[in-house]
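Hi everyone, and thanks for coming. Please take a moment with the picture, and then I'll walk you through it.

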Amino acid sequence: QVQLVESGGGLVQPGGSLRLSCAATGSIASVNAMGWYRQAPGKRRELVAAITSGGSTNYADFVKGRFTLSRDNAKNTVYLQMNGLKPEDTAVYYCNARVADIYIGERDRWGQGTQVTVSS
């Protein structure tokens, strides 16, 4: 199966920065899109940013130029650079990927989630 491995979460002060990474590994034929979602306690999971293998991006309005999504297609990895972090950014961040598995075809896969806490 294809799995997603996330890293980069942690505790940061307001105005600080974090960089999240997500790598897809396993029986991969192709990765068609990757992105990040987040979920705070009592809230629904929401899209933060997504990118296709061709480089087309889609950002949530609340990012407002603070976050930048990039990818390394050769490594099947996506990066989320988060600057100017605010307390309301506190959430569990989940990587998502639409992949073509060699054996079972196209699937959506989710990472286990990484905690981002913005507090002073």
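Two strands pair if DSSP finds at least two bridges between them. What you see is a predicted model, in which local features need pLDDT of at least 70 and side-chain atom pairs count only at pLDDT 80 or more, while totals for chains, interfaces and linings use all residues. Residues are numbered from 1 along each chain as its sequence is written, and side-chain values use heavy atoms, with hydrogens and water left out.

Let's begin with a sheet. Four strands make up an open sheet in the order β1-β3-β8-β7, and their pairing is antiparallel. At its edges stand β1 (3–7) and β7 (67–72); each has a single partner strand, so one side of each is left without a neighbour in the sheet. From one strand to the next the twist averages 15 degrees, where axes are lines fitted to C-alpha atoms, for helices over the stretch in contact, and angles run from 0 to 180 degrees between N-to-C directions.

Now look at β3, residues 18–25, and β8, residues 77–82: they pair in the antiparallel sense over six bridges.

Asn76 is not a glycine, yet has a positive phi of about 50 degrees. With a relative accessible area of 21%, Asn76 is partly exposed; the scale is buried under 20%, exposed over 50%, and partly exposed in between (1.4 Å probe, protein chains only).

Next, strand β4. Residues 28–39 form β4, which pairs with β9 in the antiparallel sense over 10 bridges. In that pairing, Ile28 has Asp101 as its bridge partner in β9. β4 is also joined to β5 (residues 46–52) by six bridges, and these two run antiparallel. Here Arg38 stands opposite Glu46 in β5. β4 and β5 form a hairpin with six residues between them, and in the turn Gly42 has a positive phi of about 80 degrees.

How many disulfides does a search of the whole structure find? It finds one, counting a pair of cysteine sulfur atoms within 2.5 Å as a disulfide. The cysteines are Cys22 and Cys95, with their sulfur atoms 2.0 Å apart. This pair links distant parts of the chain, 73 residues apart: Cys22 is in strand β3 and Cys95 in strand β9 (residues 91–101). The torsion about their S-S bond is about -85 degrees, so the disulfide is left-handed. Are these two cysteines buried or exposed? Cys22 counts as buried, at 0% relative accessibility, and Cys95 is buried at 0% as well.

Two last stops. Tyr103 is in the loop between β9 and β10 (105–110), and this tyrosine is exposed, with a relative accessible area of 66%. Gly111 is in the loop between β10 and β11 (114–118), and is buried, with a relative accessible area of 11%. The C-alpha atoms of Gly111 and Gln3 are separated by 7.3 Å, although the two residues are 108 residues apart along the chain.

That's the tour, and I'm happy to go back to any view.
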